[in-house]
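I opened a new notebook page for a structure I had not looked at before. I jotted things down in the order I looked them up.

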2 protein chains.
Amino acid sequence: MKKRRRELRGHVKRKKLHCIILFNLTMNPDPNFFYLTGYAGYGCLVLLKDRELLFVPKMEFERARKTVKGIRVKVYRKNLWKSLRRYSRGRAIGIDFNAVTLTFLKILRKEFRRKTFVDISSVIRGLRSVKTANEIRILKKACRISDTILKKLFSGFRKLRTEKDVADFLESEARKNSCELAFQPIVASGPGAAEPHHTPKRKRLRKGFCVIDFGVKYKGYCSDTTRTVYIGKPSRKEREIYTLVLNAQKDVVGSLRPGQKCSDVYSRMIKNLGRYSRKFTHGLGHGVGVEIHELPDLKPKSNSILREGMVLTVEPGVYFDNKFGIRIEDTVLISKKPLVLTGVTKSLKML
Amino acid sequence: MKKRRRELRGHVKRKKLHCIILFNLTMNPDPNFFYLTGYAGYGCLVLLKDRELLFVPKMEFERARKTVKGIRVKVYRKNLWKSLRRYSRGRAIGIDFNAVTLTFLKILRKEFRRKTFVDISSVIRGLRSVKTANEIRILKKACRISDTILKKLFSGFRKLRTEKDVADFLESEARKNSCELAFQPIVASGPGAAEPHHTPKRKRLRKGFCVIDFGVKYKGYCSDTTRTVYIGKPSRKEREIYTLVLNAQKDVVGSLRPGQKCSDVYSRMIKNLGRYSRKFTHGLGHGVGVEIHELPDLKPKSNSILREGMVLTVEPGVYFDNKFGIRIEDTVLISKKPLVLTGVTKSLKML
């Protein structure tokens, strides 16, 4: 966190900005704000060349002071803008165009007359895509926790009756492990598995493939795993298609190297899936971190290049409308050799 | 929903817009999009004078078709923008400035050349602040569910050891009742209660006031209740301050009428709290609906006027740094006479 703030302050200097200001003033917390401060409450982070300040409302002071390390925390009384103007005397202010709405821009323009706003979103997105040693440690733990939960799920699977029961089990186990959900779990059985973003239903689990897409948020960082199990006994054809997707996934995961183009990774998957690639209707994967979807994007038109320290998912899937679906997903750390962080077995489980 | 969409289409006509487009293309769902469609997946809603269209990616088609009523659902294949341009031939397009970031504006400008974008955020915020009969029905149910959960909490309170245990109990009960949490519950005991947004800790509940702020989300709609209980036996002074806050709250709730200025409601509370008003450090209340914070805002500088059908919270609190805190909050429906939707007793419970 401190390291990343220092890098951003370097950017302030290089780009001749006066400062960077990040705002966290609404109920939708800005992930960049949490990423840089470890604090998710209301406030504004000001990064100057040589200093870092966090302004918070009085009612958040105690919480901020206890959470934030290495930044001076100040209370803004009546007028946040007055406080901010005191620390932003130069002309150019860096802001995050991804987090500033047009409504908020109107306010900024009114409060900071004659200033220019410079977009620093891609700088932060870039920083975030490559994880620090500490972030990797937390992400590994998040993945280990979700592994444990999924193993427990599979061993007691027969006791659960509906898709919703499975989702509830996952949520309750996440909580027992001091985690939140990274996203609402997807549990899709029978023909429902043909919808990549199926909402778990209160209906009895159907026979056939059952896609379970689940991740926890541990200390603010997300894991992401999908396993497809089979309820009942698969036909030879179903087994064949599962094996094809599995081998395609394993091959691409094993081939990941720093320096590769994300678009090439995607192409390799399309080639692997062969004639089933028409049934693959979404992106191949995405970075994970403080958000469940970060850079890089494994998409056909992505410009990103894999770098050591990136943590991302590889999740091919094939979907046969109104019939069935299969998706297999791991969270992977890019290193000299790729390291799969999610360790639950991928061989087809019959439950 | 349908009624609100029709009203918005009326706005398209009146303001000489060609259409209104609402986008739900990121992981942070746009509440207005859900409000108008009942669907929370990826997509774009296009409201023309005489038609309503919902564009969704292929992988969301089944989900959208099953959820959305009365709107034509279309799949956009490769190019969303091409589909949208076909339905937006006029010059002016209404968009929601609250939901469009500066990054997204760049994309819009590139994809819709020579168009003007007109802000329709305040129109939707206004519509949302006054609830339809159906919304009121759902909000009442949400409040009833949270009542039941809080009663159950208090009757078994002694079995819970830490603030986190209380928060977990609330979350697990919400889930059992087919609800999500409207927000992470606040459970603040001892000196922690002096922080309005205290995060529940894994430490034994402390003696003294314990503030519990909790709400469920039922069918997409939020409830919001705060009760302050006492662990142990309160001193006479503590009892006095509690009674003062309680009477202040009851008085203001009872005085709410359509036509009142929100700023006047706030002033009345300040007067009621007398010399303790210095210890009241936040807004007095906010609308609730598909979001936990909506219009109107009960704040000193609010321009809003109370209208029949608004549903809002009234939540005075007093906070004594490092000592204790008290907050009492109900969700109230504005009608000829105010109707309190959250019914858990407010007389000081000793647990």
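**Ground rules.** I'm looking at a predicted model, where local features need pLDDT of at least 70 and side-chain atom pairs count only at pLDDT 80 or more, while totals for chains, interfaces and linings use all residues. Residues are numbered from 1 along each chain as its sequence is written, and chains are lettered from A and ligands numbered from 1 in the order in which they are written.

**Chain A overall.** I found 10 helices and 19 strands in chain A; these are DSSP runs, H or I of at least four residues for helices and E of at least two for strands, numbered from the N terminus. The radius of gyration is 23 Å, close to the 20 Å that the globule rule gives for 351 residues, so chain A is as compact as a globular protein of that length. That radius is taken over C-alpha atoms, and the rule is 2.2 Å times the number of residues to the power 0.38. I also noted a box of roughly 70 × 40 × 35 Å for the C-alpha atoms, along the principal axes.

**Domains.** I looked up the domain assignment (automatic or from a database): chain A has domain 1 (2-128) and domain 2 (133-340). Their C-alpha centres lie 34 Å apart. The contact between them takes five residues from domain 1 and six residues from domain 2; two residues are in contact if their C-beta atoms, placed from the backbone, lie within 7 Å. On the domain 1 side, helix H2 (31-37) and helix H6 (121-129) of chain A each give two or more residues, and H2(A) gives the most, with three.

**One sheet.** I traced an open sheet of six strands in chain A, order E4-E3-E2-E1-E5-E6, with mixed pairing. Strands pair if DSSP finds at least two bridges between them. Strand E4 (72-76) and strand E6 (116-119) of chain A are the edges, each pairing on one side only. Then I checked strand E3 (residues 52-57) of chain A, which runs parallel to E4(A) over five bridges. A:Leu54 stands opposite A:Val73 in E4(A).

**Chains A and B.** How many residues does each chain put into the contact? I got 32 residues from chain B and 32 residues from chain A. Helix H3 (61-67), helix H5 (102-111) and helix H8 (163-176) of chain B each supply at least two residues of the chain B side. H8(B) gives the most there, with four residues.
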